[in-house]
Amino acid sequence: MTVTQDLDIWTLILNASIVVKVVMLLLMAVSFMSWMFIFQKWFSIRRSVRQTGQFEREFWGGKDLNALYQGAVNHRHTIGSLERIFEAGFREFAKLRNQRSTTDPSVMVDGARRAMRATYQREMDHLERHLAFLASTGSVSPYVGLFGTVWGIMHAFRSLANVQQATLAQVAPGIAEALVATAIGLFAAIPAVVAYNRYSHQIDRLAIRFESFMEEFSNILQRQAVK
């Protein structure tokens, strides 16, 4: 086998030591899961942004609150995060307003605000799901790959212990197969870091829109409570 053949990527992987192979396999599995979560979050956040914009247009377009609430109840399993927040707040407000013992407007508004806040936390938890995995992949994968590289280089030099005269041709395949682990680690880490930063920014923007809506909707409920 020639040196060029020895440096073929698949040959390097197959000829690597068992520890380096385990590291490569682990990194490839992590990379696969990372890409799966990247696409899942892309679709999820894109859908949430679209649904949020659609509901904001309906809400601020002057549509009746009771009609909006009834539509949210009828399509509970397909509505977006912001509409769920609205549904939770309006449901609690209507329930407190219908209770004869509750006459203080601040009590009704505070109850609606707490209901919206609880739903907001659940929706944010759903949107942020798997982001921690992307962050961990981006921060840990290069070091795991580096561990495989260091181990592979140690293995390559140990194999030269019984050789009287070491040459570059003898040591190059061992070092090259070790460096493949670092390359795979970077391949797993870079997309995860880029996706994490982008998705975190988009989710933060959605969170600001949700919080602004809750404050503005609370003011609307406050005016309705004193009528």
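Analyst: A search of the whole structure finds 16 aromatic pairs. Rings of Phe, Tyr and Trp (its six-membered ring) pair if their centres lie within 6.5 Å; planes under 30 degrees apart count as stacked, over 60 as edge-to-face and the rest as tilted. This is a predicted model, in which local features need pLDDT of at least 70 and side-chain atom pairs count only at pLDDT 80 or more, while totals for chains, interfaces and linings use all residues. Residues are numbered from 1 along each chain as its sequence is written, and side-chain values use heavy atoms, with hydrogens and water left out.

User: Why is the pair of Phe37 and Phe133 called edge-to-face?

Analyst: The planes of Phe37 and Phe133 stand at 85 degrees, with 5.2 Å centre to centre; the pair is therefore edge-to-face, the angle being over 60. Phe37 belongs to helix 3 and Phe133 to helix 7 (residues 131-158), 96 residues apart. Helices here are DSSP runs (H or I, at least four residues), numbered from the N terminus.

User: What makes Phe37 count as buried?

Analyst: Its relative accessibility is 9%, and buried means under 20% relative accessible area, exposed over 50%, partly exposed in between (1.4 Å probe, protein chains only). Phe133, at 25%, is therefore partly exposed.

User: Why is the pair of Phe59 and Phe213 edge-to-face?

Analyst: The ring centres of Phe59 and Phe213 are 4.9 Å apart and the planes lie at 70 degrees, so the pair is edge-to-face. Phe59 is in helix 3 and Phe213 in helix 8 (residues 168-225), so parts 154 residues apart in sequence are tied together. Phe59 is buried at 6% relative accessibility, and Phe213 is buried at 2%.

Key. Helices (H or I, at least four residues) and strands (E, at least two) are DSSP runs, numbered from the N terminus.
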